[in-house]
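Here are a few exercises to work through with the model open on your screen. Have a go at each task before you read the solution.

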Amino acid sequence: MNKVIVKILLMAFLATLIGCSDSSNKVKITFIGPLTGGVSAGGLGGRNSAELAVRLRNASGQSKYSYELVPLDDECKPNIGVQVATKASADPAVIAGVTHYCSAVAMGTVDIYHKFGLPVIVWGAVLPDITYANDYKEIHRVNGTMINQNEVAANFMVERGYKTWAVIHDTTDYGKGHNEYFSKSLSPLGGKILGTFAVNAEQQDFTAELTQIKRLNPDVIYFGGLAPTGVRIRAQMEKLAMDQVFQGTSGIVSDAFIEGAGDLAEGVLAFREGAPTEKLPGGAVFIEKYTEANFNEPPEAYGAFSFAAANLIMDAIEKVGPDRIAVMAELNATNDHDSIIGKISFDDHGQNTVAVITKYVIQDGKWVVWEDSSYAAGAKRLTR
Amino acid sequence: MSLLSVDRLTVSFGGLRALDEFSFSLSEGDFVGLIGPNGSGKTTFFNALTGIYKPQFGSVSVDGNDVTKASPQAMYEVGVTRTFQRLRLVPSLSVFDNLIVGSQRGLNTNLWWNIFKRAGLRKKVDEELSRCSDLLSQFNPRLVGTLLSPVSTLSMIDRRRIEVCRALISQPRILLLDEPSAGMTHEETRMLMEDLLTWKERSPSLAIVLIEHEMGVIDRVTNRCVVLNYGKKIAEGEYQIVSQDPLVKTAYLGEE
Amino acid sequence: MANFVKGHFLITILATIAGLFVYFFLHLERSWEIVLVVGLAVLTMVVSRRKNLIARAQETCLQKPKFSISVFFVAAVAIIFALRSEHFALLMLTTVLLYITVCFGLTAQFGFVGLVNFAGIAFFGIGAYTTAVLYQYAAIPDFLIILASGLVAAVIGSILILPILRTKGHYAALITIAFGVLFRTFLEVNDTLGGPQGLKVDGISVFGLSFNENINLGLLGTGSSYVTYSILALVLCLVTFVFVRRMENSWVGLNMDMVRHDEIAAASFGIHPPSWKILAFTLGNFFAGLAGSIYASMSGFIAPASFNFADSLVLVSIVLLGGLGNVFSVIPAAFLVVVLPEKLQLIQEYRLLIFGIVVILILRFKPSGIMPRGARRYYPSLGVKK
Amino acid sequence: MDLGFLAQFFVNGLVLGVIYALVAVGFTLFFGVLDVIKFSHGDVLMLGAFTALATYLGLSDIGVAPGVALILVFVAGIAGMAFVGAIVCKFLVLPLRGAPQLNTLLITLMFGTVIRESVRLFYPSGSNPKPFPKLLPDNAFEFGNLTLRLDSCIIVLLGILAIIFTQLFIQKTKFGLAIRAVAQDEETARLMGVNFKTVVLLTFALGSALAAVGGISTGLYYQEINFAMGLMLGLIGFSSAVLGGLGSLYGAIAGGFLFAALQTVGAVWFAVPAYKDVFAFAVVIMLMAWRPTGLLAERNEERV
């Protein structure tokens with residue numbers, strides 16, 4: 001019987017211990033993106049940028065609150081994304097979130113944010129449905145959607161005289177979305193899609209698909225998917241001596257693609273909404289601060305958006321206080337808000353309008369804006 | 001009509017005839033010894049009889065009903081049970097669990113009944129418990145106390161006893177004992193045979209076939225014996241007579 | 001009489017202690033607190049093992065199964081209410097309860113009849129996908145959807161029965177491994193089932209009670225929507241527990257054990273091994289399907305990536321870590337394997353690594369698991385000296 | 001479909017088949033001597049590829065010529081994995097003899113997880129796919145619609161050579177004889193003076209070295225490796241070995257090529273080539289129902 005009493009005393013001790021847990025006065029903001037896995041480069045760049053925004057804000061000495069960034073890893077997998085989104089949303093200390101690089105993940109999590117009433121700003125995912133499929137007031141987005149991206153892409157490619165395409169997409173909502181919007185933009189311009197191939201992002205061997213594409217002999221291979229899959233497809237095209245132009249989407253605009261594909265990356269095209277970071281209104285300052293902060297990873301293509309989203313949230317909290325509902329209302333009312341990516345205005349679906357689409361080509365191991373490249377100047381030629 | 005009759009039973013593995021046109025018959029109350037050198041087909045015969053091996057040729061009948069191609073389960077149903085040369089008890093299960101498996105025919109294994117009729121199950125378990133302890137106490141009263149302990153805690157001879165009891169509890173008509181003395185001392189073998197003879201006295205209609213290497217045992221307990229060599233029957237009769245058979249001597253006893 | 005009271009008292013105390021541990025384990029957030037709770041739990045285990053308290057406690061509970069089960073059930077409900085506003089803790093609790101349910105089924109397959117199923121998560125997934133599809137296309141009561149999900153898992157599992165019965169050992173292991181991979185690949189390439197993107201699933205509502213809304217708990221205020229799910233999972237878990245335990249402690253369990261240990265001896269005593277294998281396999285998959293169904297509507301979203309081969313491994317490891325065949329042991333093992341890595345942010349990134357190392361160590365040095373299986377007890381007082 | 005494309009599919013399948021066969025031979029060797037499945041095999045393959053990559057990066061830093069680097073890369077991968085294989089055998093597989101077979105399967109599965117996670121966590125940004133250096137000449141020959149690349153041919157040749165070497169080693173050397181003796185009957189082999197433990201360790205080293213060859217070949221072929229590549233290759237290698245019949249060397253080779261053939265047929269047959277794995281694994285299950293102990297293995301009756 002004694003032992004039982006000892007145990008009860010122990011439990012009571014533990015209970016008191018827990019009663020004394022301190023409560024911090026920090027305002028928590030979550031960051032969700034892929035921190036591990038094939039597309040982690042983009043996610044880490046985004047996290048660093050959001051972290052930078054929080055650090056600068058805390059160091060400025062002018063903010064009412066002290067902020068803390070809670071970074072969570074969605075691994076670019078919808079199911080993991082739903083888990084961490086639930087975790088973040090379920091924590092009452094988290095006021096808002098800078099969330100998602102992968103469209104596939106964002107499509108899964110928007111319901112969670114809506115259910116728990118957590119206002120979030122998407123910083124990288126480009127599928128239109130994320131903001132437009134539902135009328136969720138919690139969801140906002142600072143970057144543009146893939147619609148404009150594909151319009152520009154289709155126009156540009158047709159202008160350059162390409163006539164036939166084969167489409168490979170990774171079957172996620174992201175890949176399917178690109179497939180849909182690109183075909184839509186292409187058909188009025190007279191371009192023809194000879195074949196569409198759904199692949200699995202984790203697939204290793206693409207020779208079967210590529211052999212079939214080789215038979216169709218299109219001018220261009222359009223790839224709707226992310227960098228790791230893109231690298232494999234580009235490398236295996238070489239196995240089959242295919243000289244098609246490789247046209248990617250915003251999902252491959254990442255240093256990881258160049259690192260993975262090596263020499264084969266030369267001449268790969270891709271399109272992305274928003275100006276290149278260094279050409280953004282606040283781009284120079286951002287790059288300077290980012291370099292000063294000495295992060296291990298580069299900001300990558302969407303770092304500036306993540307930075308802007310974090311700042312937008314902190315501005316709202318400064319104004320209305322750390323309360324989810326108030327912050328959500330404040331974010332919805334965003335109009336002509338100054339940021340490093342230019343003026344941010346949300347439409348009634350929380351979507352920022354981003355007019356500029358940038359065309360990229362890989363030249364000498366770098367993503368170069370088309371207009372500045374030797375290809376545009378005629379010094380270099382694409383494979384077809 | 002004989003209880004069991006086996007006619008020209010043949011079992012072969014690839015080209016090897018492990019059992020070659022073996023004929024044999026058994027009446028109620030018989031106690032037959034099955035002897036022969038290693039690999040002469042004794043265990044193969046048991047396996048063929050209990051449906052584990054399917055014979056290529058020949059026939060087996062029990063009470064005149066053909067059971068040549070019957071499954072092990074069907075052979076159990078007609079009352080043929082056996083022990084194994086290498087013990088086939090489950091060491092981690094209790095003595096009771098091991099024994100009661102022999103009683104399979106009398107157990108209700110319907111899932112619904114087992115899950116929802118717990119009172120009925122409990123009554124049945126108690127019945128079977130007392131049946132098992134009765135059986136054990138006939139064999140060796142000391143064993144009754146071990147009824148709920150795992151078999152792994154028992155000595156070799158006790159495990160042999162349990163295996164024989166498992167066969168007996170099914171109330172067989174034909175009992176096949178595959179070298180029960182393997183791994184035991186002379187004294188232990190003697191004790192086990194005593195137990196067996198005591199049991200046999202009480203149920204005189206039980207027919208037993210015993211595979212055994214110790215000729216003393218065969219001599220003492222059986223009333224007939226069959227000698228196998230290379231899968232063929234080379235002699236049959238009382239041990240004293242058979243053991244003088246020159247064929248048997250050369251093949252088995254190694255004498256000139 | 002005194003003994004009787006003492007027994008009940010002891011069980012209540014046990015349930016309270018276990019309940020408090022689970023509550024704090026789920027409630028606390030900081031790593032050092034979690035480490036403290038787990039350390040304390042391990043300490044309690046070690047001390048009580050030295051004094052042979054665990055065996056005595058288990059014995060006491062086994063003798064009064066109905067009372068123990070109701071007390072532990074009440075303790076579990078108390079935990080759920082204590083956590084009523086903590087969404088994430090409840091989500092984890094529900095997940096653990098569902099995993100435990102699947103592992104009960106796996107115990108019947110692996111622990112009783114000896115069929116190792118490396119596709120456990122696939123059957124869980126079949127249940128989840130059935131639920132998702134039925135919600136979308138069929139207008140049948142939600143309660144029936146759960147049941148149907150279990151049935152579909154069992155029916156699809158029956159495709160594997162023929163190959164599994166014909167093969168043994170590693171060859172049989174290959175069948176389930178191949179099926180697990182096949183299932184996941186199929187989901188990924190199959191567009192109508194959402195492909196790698198996955199499917200959204202509506203929440204359950206039974207008799208007008210929507211499981212996805214926060215619920216009013218009267219005096220206790222508003223509870224998280226997960227309260228209802230965790231209670232549903234708890235009930236499912238309890239029912240399967242009682243079912244599997246009763247099955248173990250009956251002629252069915254006996255025959256299954258015989259089939260696992262020695263098919264030839266079993267057959268020689270009239271047992272038909274294939275029937276028992278089919279029964280255990282189908283039943284286990286049915287349980288997995290039921291659990292998968294609730295999981296799908298609780299998480300609101302399912303994707304092929306949730307049903308990886310690695311997840312099947314986690315399930316098999318839970319069964320082995322606890323102690324193969326011991327139905328109770330699944331419970332602590334599942335808590336450790338599922339919740340601990342979630343809780344320890346420190347080790348989160350290293351969780352699979354640490355998990356792998358722990359399983360290796362246990363298999364190497366304590367192959368019978370943390371709570372080895374005890375003897376069969378056909379009824380509570382069997383073998384108790386009167 | 002014209003002949004050139006069919007030939008192209010055939011060539012693609014051939015390369016896959018060689019890699020699968022290399023993995024499957026390992027499985028069958030381990031099973032032959034110890035009746036165990038070492039499921040960390042696929043991850044050992046991945047580790048072999050990473051070891052090779054790290055070696056290459058180290059070598060190129062100090063400016064070693066690519067030709068020399070190629071040889072050293074193979075040496076490092078093979079030696080490293082042979083060592084890992086022996087270690088796994090000594091500390092995880094041999095001590096578990098006597099325990100249920102599935103425990104060995106699980107412990108090695110878990111060890112595979114440990115290797116995989118370690119590479120992910122401790123190799124510099126190990127969760128990202130890594131470009132593998134192009135060390136083989138990549139001249140391409142065009143025959144109509146068939147493109148034959150020299151590096152693919154070299155990889156096929158190399159794999160076949162490795163398998164032939166293994167076969168000769170087992171058939172012609174004293175050690176091979178010892179391996180066969182142990183595989184036949186452990187007790188007798190011991191009695192005849194075979195050092196059982198050494199033979200088993202050597203067999204595991206040999207099998208794992210083959211996995212390293214497989215891993216490096218995969219890297220050279222796809223020019224990309226990642227920490228998770230071993231999981232699927234291990235599963236496929238295991239399936240191939242079982243399909244052929246565990247313990248049979250020819251069975252493993254046949255199984256490897258059969259699996260690659262199934263995938264290729266699946267890819268040509270279905271409108272969505274991604275169904276090829278579903279198809280291949282479904283056929284594996286069906287074949288197992290038809291031949292429960294594999295296509296080439298003897299049926300052994302259980303002793304009663």
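Two residues are in contact if their C-beta atoms, placed from the backbone, lie within 7 Å. Keep in mind that this is a predicted model.

**Exercise 1. Work out which residues chain A and chain C bring to their contact, and what kind they are.**

Step 1: count each side. Chain A puts in 23 residues, and chain C puts in 25 residues.

Step 2: find the helices involved. On the chain A side, helix H1 (2-19), helix H3 (78-90) and helix H4 (103-116) each supply at least two residues.

Step 3: sort by class. The side of chain A that touches chain C holds twelve nonpolar, six polar and five charged residues.

**Exercise 2. Find which pair of chains shares the most contacts, then describe the chain D side of the contact.**

Step 1: compare the pairs. Five pairs of chains are in contact, and chains C and D share the most contacts. Chain A and chain B are joined by no contact, and their closest C-alpha atoms are 30 Å apart.

Step 2: count residues. Chain D gives 38 residues and chain C gives 34 residues.

Step 3: look at the helices of chain D. H4(D) gives the most, with 14 residues.

Step 4: sort by class. You get 29 nonpolar, six polar and three charged residues on this side of chain D.

**Exercise 3. Trace the four-stranded open sheet of chain B and say which strands stand at its edges.**

Step 1: write down the order. The strands go E2-E1-E4-E5, with antiparallel pairing.

Step 2: pick out the edges. Strand E2 (16-26) and strand E5 (65-66) of chain B each have a single partner strand, so one side of each has no neighbour in the sheet.

Step 3: see what packs on the sheet. Helix H1 (residues 42-49) of chain B touches E1, E2 and strand E4 (57-62), and its direction makes about 70° with that of E2(B).

Step 4: zoom in on one pair. Strand E1 (residues 4-13) of chain B is joined to E2(B) by seven bridges. B:Ser12, for one, has B:Arg17 as its bridge partner in E2(B).

**Exercise 4. Check the radius of gyration of chain B against that of a compact globule.**

Step 1: For 256 residues, a compact globule would be near 18 Å.

Step 2: compare. Chain B has 19 Å, which agrees.

Step 3: In chain B, 43% of the 256 residues count as buried.

Note on methods. Residues numbered from 1 in each chain as written. Chains lettered and ligands numbered in written order. Predicted model: local features only at pLDDT ≥ 70, side-chain atom pairs only at ≥ 80, totals over all residues. Nonpolar A, V, L, I, M, F, W, Y, C, P; charged D, E, K, R; others polar. Pairing = 2+ DSSP bridges. Axes fitted to C-alpha atoms, helices over the stretch in contact; angles between N-to-C directions. Rg over C-alpha atoms; globule rule 2.2 N^0.38 Å. Buried ≥ 20, exposed ≤ 12 C-beta atoms within 10 Å, placed from the backbone.
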